[in-house]
Amino acid sequence: MSYTVRKFDAVVVGAGGAGLRAAIQLSEAGLKTAVLTKVFPTRSHTVAAQGGVAASLGNSEEDNWHWHMYDTVKGSDWLGDQDAIEFMCRKAGEAVVELEHYGMPFDRVDNGKIYQRPFGGHMSNFGEKPVRRSCAAADRTGHAMLHALYQRNVKVNTEFFVEWQALDLVRDAEGDVLGVTAMDMETGEVVVFHAKATIFATGGAGRVYYSSTNAFINTGDGLGMAARAGIPLEDMEFWQFHPTGVAGAGVLITEGVRGEGGILRNADGERFMERYAPNAKDLASRDVVSRSMLTEINEGRGAGPYKDYVYLDLTHLDPQVILKRLPSIHEIGIQFAGVDCLKEYLPVVPTCHYQMGGIPTNRFGQVVVPQGEDKAVPVPGFYAAGECACASVHGANRLGTNSLLDLLVFGKSAGEMAVDYIKTNVKAHKPLNLESVEKTMARLHRLDNQKDGSNVHETRMLMQRTMQKHAGVFRFSYLLKEGAAKILEVADAVAQTGIQDKSKVFNTARIEALELDNLIEVAKATMISAEARKESRGAHVRDDAHDTPETPDGRDDANWLKHTLWHRDGNRLEYKPVQMKPLSVDTIALKKRTY
């Protein structure tokens with residue numbers, strides 16, 4: 001199989017919110033920029049974000065970035081790096097106003113300012129009561145954002161390569177990143193995109209689980225590529241299960257429903273969240289709400305013929321509010337649950353939604369690797385932003401609407417750093433490392449020529465069911481240990497996959513096999529990191545982590561206030577400290593996390 005080489009100043013892999021925001025910085029700086037994307041940009045998974053983008057604008061009530069920062073650190077269960085969190089929260093207002101100037105059609109309040117709604121875990125006065133902080137465009141915020149960012153890229157002549165599958169990073173002997181190899185999905189052509197700077201914005205890997213709110217394109221491509229290139233993955237044990245996926249379908253019901261006044265009820269019609277979070281109630285942090293729902297189900301108060309879901313009640317809300325602020329939710333209820341939410345309860349259950357971990361970066365979007373216990377150094381020419389990256393601003397649990405903020409702030413930051421790197425350090429393209437490219441070609445040859453290999457679909461299903469059973473909302477020590485061994489067996493099967501049905505058009509079978517190569521790296525990183533973390537923190541809750549004065553709710557700060565780094569080579573784990581020192585304010589001190 002042959003390949004060609006194309007040269008660009010910068011290549012961005014992924015055209016969701018983070019990739020598009022980074023590309024704007026690059027193209028506006030006059031750099032020749034390529035964006036590779038598996039789907040048309042406005043169909044990237046950011047389009048599914050419903051509820052809003054967090055910013056302490058204070059348009060409806062008093063708010064400030066200090067409160068937002070506190071909520072984010074608390075939401076992260078103190079695993080978030082406080083310098084990066086301060087950076088993000090202070091930049092939030094600027095990011096939203098900038099997006100508004102790109103043409104983002106936010107909803108408005110009567111005085112013309114951007115409409116804001118409450119969201120889970122966002123509170124005023126350091127946890128006192130819910131605050132309106134989520135800047136929304138009805139329940140289609142991500143959709144509106146992608147269109148605004150894409151049109152801005154068209155204006156500045158960003159070059160898009162649509163329906164291309166990125167394959168591997170290209171690194172030289174010194175470890176510098178020189179671009180990526182990629183495949184045209186339609187023709188099978190392989191191209192080396194030789195670049196001075198490379199930005200990963202490939203999104204999450206939610207399809208590693210059997211039940212997920214994620215699109216089928218969310219296969220952890222950036223994480224798999226980074227792992228194969230020797231970059232560790234950070235905090236991959238932490239996966240957020242969104243409280244309200246449609247039971248039986250997994251389709252997302254935005255937290256904005258509860259922000260507008262929706263109530264969770266058990267089979268008896270009881271508003272049960274008052275038991276678990278007496279202050280925030282239905283607007284507690286997502287991990288808290290998800291576990292509360294499963295506790296109701298596990299204790300026999302679930303609804304439906306199998307008592308395996310709970311209800312989301314909107315029937316007490318003004319129908320005009322729902323049709324104006326939540327039109328997509330009304331449609332989703334009818335199409336996926338057969339329920340008119342104006343008149344009936346929606347059946348909901350926690351569903352895999354978001355990865356808190358990813359490719360380790362600093363607050364500037366530079367990919368960094370550890371060098372000694374307390375030091376990390378940037379990988380020259382390599383940047384990451386959005387869900388594939390770990391800054392770490394989400395720590396052990398992400399607050400709703402901080403994801404869209406994350407991709408705006410760090411997408412821009414990564415773009416700015418790449419522009420500076422290119423203009424000050426790289427006057428010409430460095431020579432390509434052909435050995436790095438040949439590894440990609442060998443992998444493609446294996447997939448195309450493996451005789452009697454593992455079936456891609458069956459192996460993928462085995463991986464997803466293993467993850468669902470062994471690393472779900474609640475985690476049990478024996479299941480984690482068993483799962484860590486089992487996922488390595490699945491990995492062996494993935495290494496033997498071949499393309500059985502070569503008759504499929506548009507290289508579908510080949511792409512599915514390539515995606516599985518990436519997903520299995522995520523699965524290994526998750527299961528091995530989770531088995532090793534002997535505490536409960538945020539979204540990672542173990543049955544053998546006990547609530548004591550020294551370990552509140554099973555959180556062991558003395559031994560586990562640290563980030564996990566998983567290395568593909570030997571499934572090796574190492575750890576680095578959490579950055580507890582913010583940029584300009586006092587440290588937000590550790591305490592028990594309650595809502």
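Visitor: What relative accessible area does Asn571 have in this structure?
Guide: This is a predicted model, in which local features need pLDDT of at least 70 and side-chain atom pairs count only at pLDDT 80 or more, while totals for chains, interfaces and linings use all residues. Residues are numbered from 1 along each chain as its sequence is written, and side-chain values use heavy atoms, with hydrogens and water left out. On the scale used here, buried means under 20% relative accessible area, exposed over 50%, and partly exposed in between, with a 1.4 Å probe and protein chains only. Asn571 counts as partly exposed, since its relative accessible area is 21%.

Visitor: How many of the eleven residues of helix 2 are buried?
Guide: Helix 2 spans residues 65-75 and is mostly covered, its buried residues including Trp65, Trp67, Tyr70 and Lys74. These buried residues pack against several elements, among them helix 3 (82-101), strand 4 (116-124) and helix 11 (402-425), where contact means heavy atoms within 4.5 Å. The number of buried residues in helix 2 is ten.

Visitor: Which residue has a side-chain oxygen within 2.9 Å of the backbone nitrogen of His66?
Guide: Just after helix 2, Asp77 takes a positive phi of about 55°, whereas the atom pair in question belongs to the start of the helix. A polar contact is a pair of N or O atoms within 3.5 Å; within protein, one must be able to donate a hydrogen and the other to accept it, and residues adjacent in sequence count only if both atoms are side-chain atoms. The residue whose side-chain oxygen reaches the backbone nitrogen of His66 is Asn64.

Visitor: Which side chain forms a polar contact of 3.1 Å with that of Arg510?
Guide: Arg510 sits in helix 15 (residues 508-532) and is buried, with a relative accessible area of 15%. Leaving aside neighbours within four places in sequence, the contacts of Arg510 include Met183, Leu444 and Ile499. The side chain joined to that of Arg510 by the 3.1 Å polar contact is Asp448.

Visitor: What is the radius of gyration of the chain?
Guide: The chain has 16 helices and 22 strands. The globule rule, 2.2 Å times the number of residues to the power 0.38, is compared with a radius taken over C-alpha atoms. The rule gives 25 Å for 595 residues, so the chain is as compact as a globular protein of that length, with a radius of gyration of 23 Å.

Visitor: What percentage of the 595 residues is buried?
Guide: The C-alpha atoms fill a box of roughly 65 × 55 × 50 Å along the principal axes. Among contacts with a separation of 6 or more, 75% join residues 24 or more positions apart. Of the 595 residues in the chain, the buried ones make up 64%.

Technical notes: Helix = DSSP H or I, 4+ residues; strand = E, 2+ residues; numbered from the N terminus.
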